[in-house]
Number of protein chains: 2
Amino acid sequence: MKLRLFIWLVLMLVLPVWAQQTAGLNLMPWPAEIQVQDGRFYLDDSFRVAIHGAADEALYRYATRILRLLSGRTGLFFPQDYLRPGQAVSSAALVIRCQRVGKVKLGEDESYALKINRQGILLEAPTTIGAMRGLETFLQLLDADSTGYFFPFVDIRDRPRFPWRGLLIDVARHFMPPEVIKRNLDGMAAVKLNVLHWHLSDDQGFRVESNVYPRLHRMGSDGFYYTQEQIRDIVHYAAERGIRVVPEFDVPGHATSWLVGHPEIGSAPGPYRVERKWGIFYPALNPALDTTYAFLDRFFGEMAELFPDEYFHIGGDELEHGSNHPARDWNQNPDVQVLKKRENLPDNAAVQAYFNRRVQAILKKHGKKMVGWDEILHPDLPRDIVIQSWRGRDAMVKAARMGYRSILSNGYYIDLIYPASKHYLNDPLPSDLPLTDPQRRLILGGEATMWAEFVSPETIDSRIWPRTAAIAERLWSPPEINDVKAMYRRLENITFQLEERGLTHEKNYPMLLRRLCRYRDIEPLKTLVDVLEPVKGYRRPHLRQYTSYSPLTRVVDAARPDAPVARHFRDAVEQYLQNSTSRDSLRRVIVRNLIRWKNNHSRLQPLIRISPVLQEVEPLSANLCELATLGLEAINAIEANHPLPEKWFQHAQLLFQQAREPHGEAELVVVDAVEKLAEKATSR
Amino acid sequence: MKLRLFIWLVLMLVLPVWAQQTAGLNLMPWPAEIQVQDGRFYLDDSFRVAIHGAADEALYRYATRILRLLSGRTGLFFPQDYLRPGQAVSSAALVIRCQRVGKVKLGEDESYALKINRQGILLEAPTTIGAMRGLETFLQLLDADSTGYFFPFVDIRDRPRFPWRGLLIDVARHFMPPEVIKRNLDGMAAVKLNVLHWHLSDDQGFRVESNVYPRLHRMGSDGFYYTQEQIRDIVHYAAERGIRVVPEFDVPGHATSWLVGHPEIGSAPGPYRVERKWGIFYPALNPALDTTYAFLDRFFGEMAELFPDEYFHIGGDELEHGSNHPARDWNQNPDVQVLKKRENLPDNAAVQAYFNRRVQAILKKHGKKMVGWDEILHPDLPRDIVIQSWRGRDAMVKAARMGYRSILSNGYYIDLIYPASKHYLNDPLPSDLPLTDPQRRLILGGEATMWAEFVSPETIDSRIWPRTAAIAERLWSPPEINDVKAMYRRLENITFQLEERGLTHEKNYPMLLRRLCRYRDIEPLKTLVDVLEPVKGYRRPHLRQYTSYSPLTRVVDAARPDAPVARHFRDAVEQYLQNSTSRDSLRRVIVRNLIRWKNNHSRLQPLIRISPVLQEVEPLSANLCELATLGLEAINAIEANHPLPEKWFQHAQLLFQQAREPHGEAELVVVDAVEKLAEKATSR
C-alpha cells in the first residue's frame, strides 16, 4: 500500500513535467521512450551528416533525402550534395551509426536510439532500417524560434510494438499510376509503416504484366497495368525505405479479370468481360481442374521472382459470402461436384480449403509463405501461413488459438470513411483479449485497407491520409499512447509533413472545389464542404449506382473523412457545454461558425445556379443554414439562461432528422453538436 | 474610297456582335475562324461519342479521356466506358470523322472543323491529330447555366499558323521524374503544342540510360536518369497526344556529365566531376579525335532508335560565349591545334562547324535531321538542318536568307520570369520582317524554354504554366489575335483547366506557403507573396550562389511569375487614372488592397518570428506597408483634388527606390503602380 502511494506520488510529480515537455512535440508515431531535456541544438548552414559503421546505399540515399527535406524546410544551404560511402565528413552535427545492414523482411530489428544534446545529434541503430526510422523521428523534431531552427535536446529509445504495419492499396478497382504508389510509400516511411499490401487483381482489373500469360494483363486491364520494370522499380523504391511489398492475387473468387483472357480455368464456360460494377461476383477459378493448378504454378512462379518478399497474399475472400452470395459457379459446375465426392468435401468451404492446400504447396515450392483473408482459416493448412482478419476479430483470436499468425484489418477499413479516432482506439491486442502470451505473440500487427471503388488518383491520398498516420501510431507505439485529443493535435501537423512528401490530400481539396465551382471563388462552397463528409460504411453504392468509370469529382469526393472544421466545432461545443474555463472564447468560436453557416446558403446559391453539379447538395446547404439558425437561438437561450420551450425543441428535432439525411452521398457532420446545444437550451 | 467606307461600315456593324458573342468563350489558343450562333446544345447523361472514318487506337483513347474529363467536370454519369473500334454507337451526340490516321511528324495536317448545332456536335478533320486538336477546343467550349451544362452553337474552322510549337524542358539541371514530363505533355496537348524538346544532357547531368555506353548515365547522373523503357513510355505517351519528342544531347560544350565516365573523348585530360554550379563551363568533346566521332556514331545510333522523330537536337551552344568564355579546353588542346592547321580552320567557330559537319553526317546516316542552337549556323552545313534562334532574332533572319529553316526561342525564355504579355506579343514572323515569302515559309515556329537551374518538381509547373498557354496561342492563332487583356482574361480560366490535367502550378502555391509558415495560417504570407515575383532575367544567380542541391523552397520559389493579384492591381490603377467610367469601384478595389497591405506587416511579423526562413523577406513586407501608406495618401489626395506637395513626392521617390530592391531574390511588383498614383497626386 505504501509503495503504491509512493508510485502514485512520483507519477503525480513526474507526469505533468513530462506532459509539459513533450506537449509541443509533433512526433507520430510517438516513441516508446522519450526524455526531453532543457536545451536546444541550433541548426546552421554548416550542418553535415556522417554515417559510420555498417551502411548500404539505401541508407546513404535515405539520409540524403532527409538532408534535402531539412534544407527545404529551413531554406538553409547545406554544404553536402550526396552522402556517399567513403566520404570523410569533418565535424558532422548528425552522426548515424549502424551495426549491420538491415534486411527488408518480417521481424527485422527497426529499433533506434536518438540523442540530441550539446555535443550534437547521435542516431544509433542495430540495423540500417532502424536508422531510417530514427531519421524520420529526427526530422519530426525540427522546431524553430526567432533565432533559428533547432532540435530540442532529447533522449529517445524507440522500437515498434508490432512487426507488421501495413497499408493495403487496391489498384484493381481503380488503377493507380506508379507515382501514386511511390508518393504513398514516402508517406508510409514518414510514419514508419513497413508493408505495402498491393491488391493487384480483382474482378475489375488485372494490373500486372505477365510474360507467361500475357492475356491476363492484355485482356484484363483495359490497358491499365504495371509493367514488370515498373513493379521492380516500385519494389526497389519500397525496399530503399525499409518497406516490404506483399502482392495480392485474389483467388479463387474476385477473379473475373483473369478469366477474360483465360476462360479455360474458370468454373463457368464464359465468355467473361472485365467487370464494371461494384459488388461480389460469381466468376471463380475452377478448383477441380489440374490445369488450374498448373496455370497458378507457372504464374505464381513468375510473380514469386518479381516480388522478393517471403509472403504472398492469395486473397481467398468472399467466394461464398453470407446467404446473399453463394458460390454459384462452383455449385453449377459438374467437375466441382465430382471433386467434392472424390475428395470427400462436404461443402464449398471444404472445396476452398482443398484449393488453398494445393495453392499453398505451389507457393511453398516457389519459396513463399501464404497469406489470405480470414476465410482461408482451416486446420488443414500448415502453421506458417498468415491470416488477415477483416470480418471481425474472431478469426484473429481463433487463428491464434489454433497456432496461426495473423494480422488485423478489421477496424482499419479506411475506405469506410470513419474518423481517425475510431481506428486509433482499435487496439489489435488489448490486454483483456483472452489469449496466452505465446498466442499473443502470433498477432503480428495490422493493415489499413484502401479499397478503391470510390477513389481516383486525385482523391485517394485524402482517403488514406492523414488518418493512416493514426493507425501507424497504433501499430508502432505503446498501447498506453491513446489520448485521442493529443493524437488529433499532432495529426494536424503531420498531415502537412505528409504533404511535403508529395501527397495530395491537402492541396487537392481546393483543386476539387475549384472545378466544382467552374473556377469561381470557392469560399461559399468550401464553407459547406468543410462540414460535410461522405456517407460512412457501405452506404454509398446503395444510394447511387456506380461503375468503374463513374465520375469521382463531385462534392462527395471533395468532402474529406474526419472533416477538421466540423471536428473542431464539435469539440468546441462539447467543451462549452462542460463549462470549460475558456467558455467565453468557445462561445465566440461557436457563434462565429454558426453565423457563417447561416449566411452561407444565400452566398452559395448563385454558384449553384451556374454550376449544375452542385444542385444535389443544395438541400445540405439549406439544412446547414436552418441548423445554424437553430444553433444560434439555442446558444442565445443558454447564455441568457432562458430555456426554450418544448415546442421549439420538437420543431428542432424534425430539422435534425432532416439534416441527417445525405444528399449526393454526403452528409452534414455538425448535426449532433447543434442538437446538444438545443438539448441544453431546453433543459431546465 | 467607297469600297473602303463600305468595308468599314460592315466591320463597325459586325465586329461588336462578334466581340459580344465570343467574349464569354474561354478558348486558348483562339481558333483561326469561329462563328458563334444563337443556341445551345445541352449535355445530359445520355451523351455518347461515335468515331467514324479512319481512326487509330490513339484517337479512341484520346476521345475516351475527353469523355472522362467531361464527366469529371459535369458530374454526369455517361453510359460509355472505353471507346473502341468496332463499337456500334447509336444516337451519338458527338460524332468524330477523320479521313486518315495522322502521323506524329513535322508538318502533319492538324486542322479540324467543329460544328455544334441543333443536330449535335460534328468534329471533322483530315487527320486523327486534327481531331485531337478539335477535341480540346470542344472541351474548352463547355459552359453551364442553371438548367445544365451546354455547348454554344458554333462553327469553327481551325488550323495552326506554325507547324512547330514546342516546349523545351531541361531535365539536366534538375531531374524531373517521368510523371512531371507526362503531366506537362497533358498540359501541352490541352493548348495544342506539338513538340517536347527534351534537354537530356548538360554539365550537371546525363539523364538517359545508354546500353552502349552505360558509364554515361551511371557516372553522369547521380542515379537520376530515365531508363530506356521510361523514355519509350514517354515518347509513346506524347505520340498518343500528337506530340513529337525531339531529344537534345548538347555537344560539344555543356558536356561535363559525358566526360565523367568518358574522359577519353574530352578535350582536357580530366578527371571530370558532375558539375554542381550554374554557368558556362570549359569541358568539351574533343573534335580532333576520330574516337569522338566513333563514340557519337554509336551513341547517337542507339538514341536514334529510342527517339523516332525525324529531328535530333545537338545543342551546340555556348562553346565560346562572348569574351568572358573562350573555348579554353580547345585552346589548350594540342590535337585541336593540329586539326586547325590540317583542316585550315581559322578559329574555334570553324572548328565547331567542322565538328557539326561530321556530327550531321552521323545523324544523317541514322536517318535524322540535325537541329541546333543558333551558334551552329554555318554555310557549310546542308540546308535540311534547323536553327533554333535564342540569342536574338538575327540568326533566324540570317538563317532564312541563307535558306535554312528555323524556330524561334528568343523571347520565349520562360525561365527568365517575364510576364506572359511579353511572350505573347513576341510574334515570330511580324509582317514587317524583311524576308521574302519563300524565306518566311522557312520560319517553322517557336519553342518556350524551361531551363531548370531554379526549378524543382514542386515548382516547375508554376514556371511553365499558365504563361506557356499564351505562347501556344501565339504559335497557333492568327497574328491578329493579340489583345493582351483578352488573353489574360482567358488565361485565368485556362490555368485551372491545366490544373485539371494534373499540373500543380496552382495547388502547389499554398502548399509552398504552408511549409514556409510551418503549417500556420498562410494568409499574411500569401498577402505579401501575392505581390512578389522572383527577380527577372539572369539576375538570380548574381544575388546568391546556388548549386544543383540548393533548396528551392523559399519565398522566391513560391512567388510566381506574372503575379495575378499584382497585375489586377496595376490594371485597376491604370484604368482609375484614365478616368474610367467605373472609377468608383476601381477606387474601392485599390483602397481595399492598399489597406490590406498596410496592415499586413504587423500580421506577418509574428509568423516571421517563428519561421526564420521568412526573415529575408521582412524588408519586402516593411516596404509594402510603407508603399501602401503612401498609396493611400496619394489616392486620398486625388479624390480630394488636393495635390500633395513636391516634398512629399521626393520622400515617396526615395521609398519607391528602396521598394524596388529585391530581397531573398524576390521583388515587389506593385511599386510602379503606386508611383503612378503618387505622380497623379502631386500633379496639378
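Author: Let us begin with the helix pair α2(A) and α3(A), whose axes come within 10 Å and cross at roughly 5°. Because angles under 35 degrees count as roughly parallel, α2(A) and α3(A) are roughly parallel to each other. On the side of α2(A), the contact is made by A58(A), L59(A), Y62(A), A63(A), I66(A), L69(A) and L70(A), while α3(A) brings T128(A), A131(A), M132(A), L135(A) and L139(A) to it. Sorted by class, the contact of α2(A) with α3(A) has eleven nonpolar residues, one polar residue and no charged residues. Please keep in mind throughout that this is a predicted model, so that what I describe is computed from predicted atoms.

The domain assignment divides chain A into domain 1 (31–158), domain 2 (164–492) and domain 3 (508–682). The C-alpha centres of domain 1 and domain 2 of chain A lie 35 Å apart, and twelve residues of domain 1 are in contact with twelve residues of domain 2. Which elements give two or more residues to the side of domain 1 of chain A that touches domain 2? They are α2 and α3 (128–140) of chain A, the two helices with which we began. Of these, α3(A) gives the most to that side, with four residues. The residues of the side of domain 1 that touches domain 2 divide into seven nonpolar, one polar and four charged, whereas the contact of α2(A) with α3(A) has no charged residues.

Helix α2 of chain A also has a part in the meeting of the two chains. In that meeting, 40 residues of chain A are in contact with 40 residues of chain B. The elements of chain A that each supply at least two residues to the side touching chain B include α2 (57–74), β7 (148–158) and α23 (583–610). The largest share of this side, five residues, comes from α18(A). By class, the side of chain A that touches chain B has 13 nonpolar, twelve polar and 15 charged residues.

Chain B lets us look at one residue of its own helix α2 in more detail. Y62(B) lies in helix α2 (residues 57–74) of chain B, and because it has 25 C-beta neighbours inside 10 Å, Y62(B) counts as buried. Leaving aside residues up to four places away in sequence, Y62(B) touches M132(B), L135(B) and E240(B). The C-alpha atoms of Y62(B) and L513(B), which are 451 residues apart along the chain, are separated by 36 Å.

Strand β4 (residues 112–117) of chain B, by contrast, runs antiparallel to β5(B), with five bridges between them. There, A113(B) stands opposite E124(B) in β5(B), and a hairpin of two residues joins β4(B) to β5(B).

Helix α4 (residues 178–190) of chain A and helix α6 (residues 228–239) of chain A have their axes 10 Å apart and pack at an angle of about 10°, which makes α4(A) roughly parallel to α6(A). Here P178(A), I181(A), K182(A) and L185(A) in α4(A) meet Q230(A), I234(A), Y237(A) and A238(A) in α6(A). The residues of this contact divide into six nonpolar, one polar and one charged.

Most residues other than glycine have a negative phi, and most peptide bonds are trans. In chain A, however, the peptide bond from W465(A) to P466(A) is cis, with omega near 0°, and P466(A) has its place in the loop between α15 (460–464) and α16 (467–476) of chain A. In chain B, a cis peptide bond likewise joins W465(B) and P466(B). As for phi, E318(A) has a positive value of about 60° although it is not a glycine, and with 19 other C-beta atoms within 10 Å, E318(A) is partly exposed.

Definitions and conventions: Residues numbered from 1 in each chain as written. Chains lettered and ligands numbered in written order. Predicted model: local features only at pLDDT ≥ 70, side-chain atom pairs only at ≥ 80, totals over all residues. Pairing = 2+ DSSP bridges. Buried ≥ 20, exposed ≤ 12 C-beta atoms within 10 Å, placed from the backbone. Contact = placed C-beta atoms within 7 Å. Axes fitted to C-alpha atoms, helices over the stretch in contact; angles between N-to-C directions. Parallel < 35°, antiparallel > 145°, perpendicular 65-115°, else oblique. Nonpolar A, V, L, I, M, F, W, Y, C, P; charged D, E, K, R; others polar. Domains from an automatic or database assignment.
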